[in-house]
Amino acid sequence: EVVVGGQSSGRVRGLFEVTRVPRVATASAESFPTGGGVTLRLIGDGFGTRQSDVANVTVGSGVVVSSSVVFVSALELQVPLPSGVGTNLSVVVTMATGVRSPATVYVSYDRPTVTAVTPSYALAGTRGLALTVDGANLGRTVSDFGNVTIGGAPCGSLQVVSTTQFRCLGWTANADFNQSTFDVVEVVVGGQSSGRVRGLFE
């Protein structure tokens with residue numbers, strides 16, 4: 001309201017508002033698959049009064065735009081988990097005003113698991129094989145992967161099919177049979193290891 005010469009502009013609304021900094025207290029989901037898609041529930045405060053008050057939600061480098069945010073209340077938002085990899089990733093809510101919640105809540109994507117390798121065996125010294133690896137929470141792109149070893153030997157290159165399958169190309173079996181590694185498969189995605197999995201390949 002502005003008064004000039006005794007005349008008032010009236011109480012004008014919709015041009016300015018005092019806002020508060022949003023805060024995320026918890027971020028929960030049934031699981032955190034690298035392919036994303038599950039519902040991530042954010043509990044906190046200061047999320048506004050409607051969906052359009054929220055500009056986006058970020059999980060690490062993954063972004064959920066406003067149109068995909070389900071506004072429950074000023075205290076709760078539900079968003080589809082974006083695809084991603086890694087651990088200790090901050091969850092941040094950015095409001096339409098540009099105000100961002102502090103990065104105080106962190107989540108981690110599920111670690112990779114390996115369930116099958118095809119073919120499941122190779123002769124010592126065999127060169128240039130293409131192996132198909134199936135599992136869960138595998139990488140979305142080649143850059144998501146760290147170390148990948150099958151039977152104690154690395155892949156020449158990787159070809160990603162999906163977050164549940166990739167191909168290990170140009171793989172060469174060790175010429176010397178190593179009792180400790182001949183049947184071990186290990187896949188690292190986003191810094192998380194599947195562990196040394198035995199019984200899938202030899």
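Author: Let's start with a term: a disulfide is a pair of cysteine sulfur atoms within 2.5 Å. This is a predicted model, where local features need pLDDT of at least 70 and side-chain atom pairs count only at pLDDT 80 or more, while totals for chains, interfaces and linings use all residues. Residues are numbered from 1 along each chain as its sequence is written, and side-chain values use heavy atoms, with hydrogens and water left out.

Reader: What makes cysteine 155 and cysteine 168 a disulfide?

Author: Their sulfur atoms are 2.0 Å apart, and the cut-off is 2.5 Å, so the pair qualifies. A search of the whole structure finds 1 disulfide.

Reader: Why is this disulfide called left-handed?

Author: The torsion about the S-S bond of cysteine 155 and cysteine 168 is about -115°, so the disulfide is left-handed. Cysteine 155 lies in the loop between β14 (153-154) and β15 (157-162), and cysteine 168 in strand β16 (residues 165-171), so the bond ties together parts that are 13 residues apart in sequence. Strands here are DSSP runs of E with at least two residues, and helices are runs of H or I with at least four, numbered from the N terminus.

Reader: Why is glycine 44 called buried?

Author: Buried means under 20% relative accessible area, exposed over 50%, and partly exposed in between (1.4 Å probe, protein chains only). Glycine 44 has 9%, so it is buried. Its place is in strand β4 (residues 39-45).

Reader: What makes aspartate 45 and arginine 20 a salt bridge?

Author: The rule asks for a side-chain nitrogen of Lys or Arg within 4 Å of a carboxyl oxygen of Asp or Glu. For aspartate 45 and arginine 20 the N to O distance is 3.5 Å, so the pair passes the rule. Aspartate 45 lies in strand β4 and arginine 20 in the loop between β2 (7-8) and β3 (23-28), so the pair ties together parts that are 25 residues apart in sequence. At 14% relative accessibility aspartate 45 counts as buried, whereas arginine 20, at 53%, counts as exposed.

Reader: Which residues do salt bridges that share partners join into one network?

Author: Aspartate 45 also meets arginine 23 in a salt bridge, at 2.7 Å, N to O. Arginine 23 is partly exposed, at 40% relative accessibility. Arginine 41 and glutamate 76 meet in a salt bridge too, at 2.9 Å, N to O. These two residues link distant parts of the chain: arginine 41 is in strand β4 and glutamate 76 in strand β8 (residues 76-80), 35 residues apart. The network itself consists of Arg20, Arg23 and Asp45, joined by salt bridges that share partners. By this rule the count comes to 6 salt bridges.

Reader: How do you know that glutamate 186 has no salt bridge?

Author: Lys and Arg count as positive and Asp and Glu as negative, while His and the chain ends are not counted. The nearest side chain of opposite charge to the buried glutamate 186 is arginine 196, 4.9 Å away, and the limit is 4 Å, so no salt bridge is counted. Glutamate 186 is found in strand β17 (residues 184-189).
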